[in-house]
Amino acid sequence: MPERTRPTRTPAVVAVLVTGALLTACATTPKPDAPAPGGASGRSAVPVAAGSLGGPGSACALPVSFALAEGWEPEAIEDPEDPEFAALTRQGPATVRCEVDAKPAGNIGYLRVWTAPKGSAARAALEGFVTAEKGSAAASYREVRAGALPATEVTYSVGPKEERAFAVATPKATVIVHLGGLDTAEHRAMLPAYELARTTTKAL
């Protein structure tokens, strides 16, 4: 690969994205005692917010803001439009803008925030996003609320692992917030932080 000048944080960010890809490749089957998704038995109480993302002064400049659970650490993706890294930073119609790492909170996973072009319908953008993920299957879509905003949510699988994401259209762009993790057990353990983000989403 020819040498070229890149933003100083780009290699680190690419390493983070590659790590996420490896986690997907190494996903294991759900633990037998993992709770069923959805409903009271599948989710813990929504945690208390310990910060926010997307607004002025936050780690990532986004078309939306939402609350972060304690210990989750956000980092902006530098130069996501660089075609050299398109395989890591683009999925279907969406480009990744921010990753929120769950490891400091004790989980192996992340929330990633993606944007699709302004004017994209939330469901269409989400469908394109899921379809573009290699190995995705069994997608179930539903209309929900992201804060006070209409949104579309999807639950799907990649191999044996559960995945979840929601999309909301804003005047600036359509935003997709995706929850990923090592395996289904980690995914379910992180659902409260995901729900905190979804229920506190506001357009900026």
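This briefing describes the fold elements, nonpolar cores, aromatic pairs and salt bridges of the structure shown above.

The model is predicted. Its protein chain contains five helices and 11 strands, and 47% of the 204 residues are buried. Of the contacts in the protein chain that join residues at least 6 apart in sequence, 57% are between residues at least 24 apart.

**Nonpolar cores**

- In soluble globular proteins, nonpolar side chains tend to be buried together.
- The largest nonpolar core in this model comprises 29 residues. Within this core, the residues with the most contacts are Leu53, Phe66, Trp72 and Leu111.
- Two or more residues of this core come from each of the strands β2 (64-69), β5 (94-101), β6, β7, β9 and β10 (174-181), and from helix α5.
- Which residues does tryptophan 72 contact, once its neighbours within four places in sequence are left aside? The partners are Val100, Asp101, Ala102, Ala105, Tyr110, Leu111, Leu179, Met190 and Ala193.

**Helices α3 and α5**

- Helix α3 spans residues 122-131, and its buried residues are Ala122, Ala125, Leu126, Phe129 and Val130. These residues lie on the same side of α3, because they cover an arc of only 130 degrees around the axis.
- Helix α5 is largely enclosed by the rest of the structure, since eight of its nine residues are buried. The buried residues of α5 are Leu191, Pro192, Ala193, Tyr194, Glu195, Leu196, Ala197 and Arg198.

**Aromatic pairs and a charge over a ring**

- A pair of aromatic rings is described by the distance of the centres and the angle of the planes.
- The model holds two aromatic pairs. In one of them, the ring centres of tryptophan 114 and phenylalanine 129 are 5.1 Å apart and the planes stand at 70 degrees, so the pair is edge-to-face.
- Tryptophan 114 belongs to strand β6 (residues 109-116) and phenylalanine 129 to helix α3, so this pair ties together parts that are 15 residues apart in sequence. Tryptophan 114 is buried, at a relative accessible area of 3%, and phenylalanine 129 is buried as well, at 1%.
- Phenylalanine 166 and tyrosine 194 also form an edge-to-face pair, with 5.8 Å from centre to centre and 70 degrees between the planes. This pair links distant parts of the chain, 28 residues apart: phenylalanine 166 lies in strand β9 (residues 161-169) and tyrosine 194 in helix α5 (residues 191-199).
- Phenylalanine 166 counts as buried, at 1% relative accessibility. Tyrosine 194 counts as buried, at 0%.
- Arginine 112 is placed over the face of tyrosine 110, at 4.0 Å from the ring centre.

**Salt bridges**

- Side chains of opposite charge can pair when their charged atoms come close.
- How many salt bridges does a search of the whole structure find? The search finds 11.
- Are the two partners buried or exposed? Arginine 123 is partly exposed, with a relative accessible area of 36%, while glutamate 143 is exposed, with 56%.
- Arginine 142 and glutamate 153 meet through their side chains in a salt bridge of 3.1 Å, N to O. Arginine 142 is in strand β7 and glutamate 153 in strand β8 (residues 149-158), so this pair ties together parts that are 11 residues apart in sequence.
- Arginine 142 is partly exposed, at a relative accessible area of 26%, whereas glutamate 153 is buried, at 3%.
- Arg142 and Glu153 belong to a network of salt bridges that also includes Glu195 and Arg198. Glu195 and Arg198 are among the buried residues of α5.
- The side chains of glutamate 163 and lysine 161 form a salt bridge of 2.3 Å, N to O. Both glutamate 163 and lysine 161 are buried.

Notes. Residues are numbered from 1 along each chain as its sequence is written. This is a predicted model: local features need pLDDT of at least 70, side-chain atom pairs count only at pLDDT 80 or more; totals for chains, interfaces and linings use all residues. Side-chain values use heavy atoms; hydrogens and water are left out. Buried means under 20% relative accessible area, exposed over 50%, partly exposed in between (1.4 Å probe, protein chains only). Helices (H or I, at least four residues) and strands (E, at least two) are DSSP runs, numbered from the N terminus. The arc is that of the directions from the helix axis to the C-beta atoms. Rings of Phe, Tyr and Trp (its six-membered ring) pair if their centres lie within 6.5 Å; planes under 30 degrees apart count as stacked, over 60 as edge-to-face and the rest as tilted. A charge sits over a ring if NZ of Lys or CZ of Arg is within 6 Å of the ring centre and within 35 degrees of the ring normal. A salt bridge is a side-chain nitrogen of Lys or Arg within 4 Å of a carboxyl oxygen of Asp or Glu. A nonpolar core is a set of buried Ala, Val, Leu, Ile, Met, Phe, Trp, Tyr and Cys residues joined through side-chain atoms within 4.5 Å. Contact means heavy atoms within 4.5 Å.
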